[in-house]
Amino acid sequence: MKNQIIERFPGIGCAWVNAAGELAEEYFGFADIENKVVVDENTIFPACSISKFITAICVMKLHEQKLIDIDKPANLYLKQWKLRMSDGNESSATIRAILCHTAGILDGEDAFYGLRRGDPEITLIDILDGKTSYNNRPTCSEKDPGTAFEYSDAGYCVLQLLVQEISQKPFEDFAKEMIFDSLQLKSTFFISSKNAERFENKMATGYDDEGNPIPGRFPVIPDLAASGLWTTPKELLAIAKAFVASLNGQGNFLASSLAKEMATPVKDFSWTGLGLFIGGQDILVSQGWGENAQCMLKMNYRTKEISIVMTNRNPGVDQTESGIEWLVNKRMQTE
């Protein structure tokens, strides 16, 4: 089984910590097949939707600083753009509802794919207004908040704008200051043209579901909060460890009460927390799947076991079918 999974992906990076606190890493294949660049501990992978876990921490940091209240409507804090209902009136959706995908926001069909380096720049407001093919659906609460679960990248674009307006900093700079720098991470960032130029020699080339390299090596991701994170398995593990410590009332990464809110199942939608998903008793899950990668993070906050697998190919099937979940579970005593 393991060999079949390894053969499916050009490159794979794994990092995990067991219940005894022992860290381990394992790497397979190529970060770039054409140039025969092998995957190692320095390879930076796209984290895709695991970005939402980090974004949720950023939002909770603002809540911790009392700059926002996640149970207040997002529109209370948005200035240059407002989240509206289908009828044009302002939505009452709270920040919490957006975090857990119950704000009634739907993504456009085949949205959030296909931008290439060199394409005309798309702004966050362009995305929210649905003015481009990247997201052809205007972002609004199409269902009454709290009545349905609708997984939404567009909703996290709303959170990106909110973080920027409240912090008065670019989203990628706020995340770096609040999270990456505090953990002394050197190879973790939300992608921007500046970061792409700085880290490109360590970034994994992405491959599509047919195994072809993505033109330009990796796609452009303007929706940073939803899917713009790049990191190494070991550095993502450092973030997960700090979060699990906060859940257990240790360290000062995030207030324990706020970490617990993120990990608490949402009423009527028991499979989701805030920026995370509930994977079973004491288990939290974050996973990503994009046109250039697939990855998965699983945490047992009781035993403190954490397992991470990152790749540089879209396998065309979900984590269960592709084998990524099998690899993640293989490193955890409690599945």
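Select Asp 282 to begin: Asp 282 is buried, at a relative accessible area of 13% (buried means under 20% relative accessible area, exposed over 50%, partly exposed in between, with a 1.4 Å probe and protein chains only). The model on screen is predicted, so local features need pLDDT of at least 70 and side-chain atom pairs count only at pLDDT 80 or more, while totals for chains, interfaces and linings use all residues. Residues are numbered from 1 along each chain as its sequence is written, and side-chain values use heavy atoms, with hydrogens and water left out.

Arg 302 and Asp 282 form a salt bridge, with 2.9 Å between the closest N and O atoms (a salt bridge is a side-chain nitrogen of Lys or Arg within 4 Å of a carboxyl oxygen of Asp or Glu). Asp 282 sits in the loop between β9 (277-280) and β10 (283-290), and Arg 302 in the loop between β11 (293-300) and β12 (305-311), so the bridge ties together parts 20 residues apart in sequence. Helices (H or I, at least four residues) and strands (E, at least two) are DSSP runs, numbered from the N terminus. Arg 302 counts as exposed, at 52% relative accessibility.

Next, select Arg 331 and Glu 26. Their side chains meet in a salt bridge of 2.2 Å, N to O. This pair links distant parts of the chain: Arg 331 is in the segment after α12 (324-330) and Glu 26 in strand β2 (residues 23-32), 305 residues apart. Arg 331 is partly exposed at 26%, and Glu 26 is partly exposed at 22%.

Move to Arg 117 and Glu 200. A salt bridge joins their side chains at 3.0 Å, N to O. Arg 117 lies in the loop between α3 (95-99) and α4 (124-129) and Glu 200 in the loop between α7 (193-199) and α8 (224-227), so parts 83 residues apart in sequence are tied together. Arg 117 is partly exposed at 34%, and Glu 200 is partly exposed at 25%.

Last, select Phe 30, Ile 33 and Val 38, which make a nonpolar surface patch of about 230 Å². Patches are made of residues with over 30% relative accessible area and no salt bridge; like charges are joined within 9 Å, and nonpolar side chains (Val, Leu, Ile, Met, Phe, Trp, Tyr) within 5 Å. Accessible areas come from the Shrake-Rupley method with a 1.4 Å probe, and for residues only the protein chains shown count as cover. Val 38 is in strand β3 (residues 37-38) and is partly exposed at 46%.
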